[in-house]
Amino acid sequence: MIFITARFAVKPEHADDWIEISRAFSEATRAEEGCLWYDWSRSVDDPNLYVLVEAFVDEAAGGVHVGSEHFREAQRSLPRYLSRTPDIVHFQIPQSDWSELGELAVTA
């Protein structure tokens with residue numbers, strides 16, 4: 001799968017509204033056939049920083065995502081709400097879902 005994590009520094013005046021601002025793009029991405037997950041989290045240390053964790057079944061699915069109309073619309077509409085270009089980590093890894101974090105195993 002393709003595993004991507006990106007950090008979005010949102011302008012302070014838009015930070016509380018970021019999930020709603022990005023909602024249409026997020027929902028369209030989640031509906032893509034090759035999308036495994038697309039999840040936002042807000043930093044507990046910086047209220048203007050959001051972290052996106054997303055995964056696609058393979059490079060082809062990632063290419064479909066980047067080539068989609070909703071991606072092009074996000075390129076046009078979302079940067080105005082950001083204070084800088086997002087940071088990204090992008091890996092192709094040989095698995096198709098989350099693994100269990102055995103070091104913090106929960107036992108009954």
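Mentor: Let us begin with glutamate 69, which is partly exposed, with a relative accessible area of 42%; on this scale buried means under 20%, exposed over 50%, and partly exposed in between, using a 1.4 Å probe and protein chains only. Please keep in mind that this is a predicted model, in which local features need pLDDT of at least 70 and side-chain atom pairs count only at pLDDT 80 or more, while totals for chains, interfaces and linings use all residues. Residues are numbered from 1 along each chain as its sequence is written, and side-chain values use heavy atoms, with hydrogens and water left out.

Glutamate 69 forms a salt bridge with arginine 72, and the closest N and O atoms are 3.1 Å apart; the term requires a side-chain nitrogen of Lys or Arg within 4 Å of a carboxyl oxygen of Asp or Glu. The two residues are three places apart in helix 4, so about one helical turn separates glutamate 69 from arginine 72. Here helices (H or I, at least four residues) and strands (E, at least two) are DSSP runs numbered from the N terminus. Arginine 72 is also partly exposed, at 36%. A second salt bridge, 3.0 Å from N to O, joins glutamate 73 to arginine 76, and these two also lie in helix 4, three residues apart, or about one turn of the helix. Glutamate 73 counts as partly exposed at 36% relative accessibility. The whole structure holds eight salt bridges, and among them is one between aspartate 87 and arginine 84, at 2.9 Å from N to O; aspartate 87 is partly exposed at 28%, as is arginine 84 at 39%.

In soluble globular proteins, nonpolar side chains tend to be buried together. Tryptophan 40, leaving aside its neighbours within four places in sequence, is in contact (heavy atoms within 4.5 Å) with several residues, including Phe8, Trp18, Ile19 and Leu52.

The strands themselves form an open sheet of four, in the order 2-3-1-4 with antiparallel pairing, where two strands pair if DSSP finds at least two bridges between them. Its edge strands are strand 2 and strand 4 (87-92), each of which pairs on one side only. Neighbouring strands are turned by 10° against each other on average, direction ignored. Axes here are lines fitted to C-alpha atoms, for helices over the stretch in contact, and angles run from 0 to 180 degrees between N-to-C directions. Helix 2 (residues 23-30) packs on this sheet, touching strand 2 and strand 3, and its direction makes about 150° with that of strand 2. Helix 3 (residues 59-66) lies across strand 1, strand 3 and strand 4, at about 130° to strand 3.

Strand 1 is joined to strand 3 by eight bridges and to strand 4 by six; threonine 5 stands opposite valine 53 in strand 3 and has valine 89 as its bridge partner in strand 4. Seven bridges join strand 2 to strand 3, and these two form a hairpin with six residues between them. Seven of the eight residues of strand 3 are buried, so this strand is largely enclosed by the rest of the structure.
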